[in-house]
Amino acid sequence: MRNTLWPLLAVAACGGSDGPTRAPYGLDTRPSNPTCTAKPRPVLDTGVTLERQWGGLGFNAPMYAVQAPNDDTQWFVVERGGTIRAFATTATSDADVRTFATVAVNAGGEGGLLGFAFHPEWPAKREAYLSYTRDVAGGDPAPPTCRESGHPFTSVIGRFKSTNDGTSLDVGPDEVLKVAQPYSNHNGGTIQFGLDGKLYFGLGDGGLGDDPCDSGQTMSSLLGKMLRIDINAPAGMYTVPADNPFVGVAGTRPEIWASGLRNPFRWSFDSATGEQWVGEVGQGTWEEVDKIAKGGNYGWKPCEGFHRRGSTNDLCEMPGLADPIVEHPRDEARSITGGYVYRGSAMPSLVGTYLYGDFETGNIWALLFDGDNKPTPKLIETLPAKTLVAFAQGNDGEVYTVQISGEISKFVPAAPAPPDNFPQKLSQTGCFDPNDPRLPVSGLIPFDVNSPLWSDGADKTRHLAIPDGTTISINAEQDWDLPIGSVVAKTFAVGDRRIETRLFMRHSDGGWAGYTYEWDDDGRDATLLPAGKLRALDGDTSWVYPSRTQCIQCHSVAAGGTLGLETAQLNRDFVYPATNRISNQLATLEYIGLLTTPVGPPEAAPRLAEPSGADAIETRARSYLHANCSHCHRPEGGGQGMMDLRFATTLAATKTCGETNTQGPVMGATKLVMPGSPEASILALRLHATDNKRMPPVGVTVTDPTGTAVVDDWIRSLAACP
């Protein structure tokens, strides 16, 4: 959306209502910048240890632990043999423990009572759901024909109710979902409610080493999948949510949310963002961690980790498969136990960090990211081998381990955390007035761009600051290279409400990093977020705050670090609030000595077009793709496939027109750009999508009506490929 705030700021600065004055330059001198420079990176401390909890209580093969919604006073421990034990957080002996629920199970192989979830409206709605395996009974579906005859047991989601004020679950089970298991292993087991109120259930591929049915890829089977159902239905029933990705697809079970899984035994939702993290078991070579998206295919059995199944070298590059977040070779892990994203307060530096482990080895990792934004697991603890069956998370966000040997432990700081001087408030950054952080300091220079990155329709104001005595160089591709110590700031507003300010800093090591400040409800200051966040706005709208990792995903080294700071984006007129002058930005910034490399006359310099402007439709569409897509889809940009969507690239060289998508069909389309037909062009379809097929993939939940229309009209105007 074009920024509407600058003209108002200009009028306010000059104290009048006259329009801006046309001038050769918007500023007369370069402002001094003594305060707005990149600060040292935040301290990342992973010094943790495990502290035994409830040592005086005896648990019989505990498999899972959970608290009820909005009740911090109790814990509930799931025991494999079919019992759920309840006790106060302050319990010290078995005398403090009561039986909360029981169910008949078959605990052979990898079976038993495996998962438990309270209804999100508990205790107003006294229902809870158990995930377990039991003996085969009449009416269960027959096993797949490509397996041996017979099956040892059935996986069940059972609904239980309480008629005694929540003291115990005394009614049930009402079996909501039943799935035949052809073998006694790979049963999955975790069930959880998402932030959307729907119930998710992870099922393994049914066992046997090589899965002769290829269940993960067989869409007529519920095995090897992540399922999503709506349990707010009459007894013994569930409904399939209408927005499940495969509703109405012939030959596909509509309950499926994601496919290609071998055994999602332990997984969880990030309580702040709703992202779904899965610990995924491999076969003989690689273990992996996945982040599940709607409709995603996670590769089993063609792939293990990033590799072709069974290979330690060959990458698995089959079209349409989603890569894992990280993989582990078998000398590090042999049976991944998925964990939780830490959202507690005891270890602030770990907030937003995924913690997970391995059953066979006992290793536990924090999933960090190195300077190149590569996922880098850091080993933080080791438990006795073959004991770690689950992690647990309290309502306060603290994380625990559950060992089948009977112990439950809590992550606690190993030592006092080192001091972290990174500014926690926007008013402390030196980039905004400490008394009124809505106002930038004088050292920040405002700017605007021709073709903005779509941000759910928010208004945006942009500023840059470089250290005194330094200048900006411009490379051959006209990307601007800011010096060490530079800061780029962007503030987002929805209506008249500030939502977020992002600071992008170039640190002393030469690397860039992004930091998000969430504006407080009173609008007087903004607070640093340690990780991504989803925030509800008015009505049904929400705002996605990107994580620091997601910032770097877009601000790639190949794209020059910053995105908007390039000649073609800045070659435009701008109203400078400090002088109320309207002038070309290139001419102004060169005049005040900000640039090492002269840009020359603006009329001879490259320029992107505004999406809603009067330029030719191809110019506007290619400008939009450059701004929204080319930071990844360019050489070394990290985007999948061979596309090069930079504005200066010829259409033929973009490798889009008439080209078959290397990642497989998307919504039935196979060509990236089909001349004359945006509805058959993956490039257009992905801009319209709002699920995991959406491009760009970060920070977007709403389709851009102007941008999609421009790209659609351009594709429609193409008669043929060059």
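## Close-up views of a predicted model

**View 1. A salt bridge between Arg-22 and Asp-573.** In this predicted model, the side chains of Arg-22 and Asp-573 meet in a salt bridge, with a nitrogen-to-oxygen distance of 2.9 Å. The pair links distant parts of the chain, since Arg-22 belongs to strand S1 and Asp-573 to strand S40 (residues 573-576), 551 residues apart. Arg-22 has a relative accessibility of 54% and therefore counts as exposed, whereas Asp-573, at 34%, counts as partly exposed. Side chains of opposite charge can pair when their charged atoms come close.

**View 2. A salt bridge between Asp-243 and Arg-228.** The closest N and O atoms of Asp-243 and Arg-228 are 2.8 Å apart, and the two residues form a salt bridge. Asp-243 lies in the loop between strand S13 (225-229) and strand S14 (256-258), while Arg-228 lies in strand S13 itself, so the pair ties together parts that are 15 residues apart in sequence. With a relative accessibility of 40%, Asp-243 counts as partly exposed, whereas Arg-228 is buried, with a relative accessible area of 3%.

View 3. Arg-502 and Glu-500 form a salt bridge in which the closest N and O atoms are 2.6 Å apart. Glu-500, in contrast, is buried, with a relative accessible area of 0%. Elsewhere, a network of salt bridges links Glu-477, Asp-479, Arg-634, Asp-644 and Arg-646. For the structure as a whole, the count of salt bridges comes to 32.

**View 4. The disulfide of Cys-36 and Cys-431.** A search of the whole structure finds 3 disulfides, and one of them joins Cys-36 to Cys-431, with an S to S distance of 2.0 Å. The angle about the S-S bond of Cys-36 and Cys-431 is 85°, and the link is right-handed. This pair links distant parts of the chain: Cys-36 is found in the loop between strand S1 (21-22) and strand S2 (48-53), and Cys-431 in the loop between strand S27 (408-413) and strand S28 (432-433), 395 residues apart. Both Cys-36 and Cys-431 are buried.

**View 5. The disulfide of Cys-303 and Cys-316.** The sulfur atoms of Cys-303 and Cys-316 are 1.8 Å apart, and the two residues form a disulfide. The torsion about their S-S bond is about -50°, so this disulfide is left-handed. Cys-303 lies in strand S18 (residues 303-304) and Cys-316 in the loop between strand S19 (307-308) and strand S20 (326-329), so the pair ties together parts that are 13 residues apart in sequence. Cys-303 and Cys-316 are both buried.

View 6. Cys-657 lies in the loop between H5 and helix H6 (682-688) and Cys-721 in the segment after helix H7 (705-717), so the pair ties together parts that are 64 residues apart in sequence. Cys-657 is buried, with a relative accessible area of 11%, whereas Cys-721, at 31% relative accessibility, counts as partly exposed. Cys-629 is in no disulfide, and the nearest cysteine sulfur, which belongs to Cys-632, is 8.8 Å away. Cys-629 is buried as well, with a relative accessible area of 8%.

View 7. Rolling a probe the size of a water molecule over the atoms shows where empty space is left. In this model there are 4 cavities of 30 Å³ or more, and the largest cavity has a volume of about 630 Å³. It is lined by 40 residues, of which Leu-453, Lys-490, His-555, Leu-563 and Gly-564 are the closest to its centre. At least two lining residues come from each of strand S31 (459-465), strand S34 (487-494), strand S35 (497-506), helix H2 (548-554) and helix H5 (617-629), and the largest share, 4 residues, is supplied by S34. Sorted by class, the lining of the largest cavity holds 21 nonpolar, 12 polar and 7 charged residues.

Notes. Residues are numbered from 1 along each chain as its sequence is written. This is a predicted model: local features need pLDDT of at least 70, side-chain atom pairs count only at pLDDT 80 or more; totals for chains, interfaces and linings use all residues. Side-chain values use heavy atoms; hydrogens and water are left out. On a 1 Å grid over the protein atoms alone, a cavity is a set of points where a 1.4 Å probe fits but cannot get out, and a pocket is an open set with protein on both sides within 12 Å along at least five of seven lines; lining residues have an atom within 4 Å of a point. Grid points are joined across faces, edges and corners, and a volume is the space filled by probe spheres set on the points. Ala, Val, Leu, Ile, Met, Phe, Trp, Tyr, Cys and Pro count as nonpolar, Asp, Glu, Lys and Arg as charged, and the others, Gly among them, as polar. A disulfide is a pair of cysteine sulfur atoms within 2.5 Å. Buried means under 20% relative accessible area, exposed over 50%, partly exposed in between (1.4 Å probe, protein chains only). A salt bridge is a side-chain nitrogen of Lys or Arg within 4 Å of a carboxyl oxygen of Asp or Glu.
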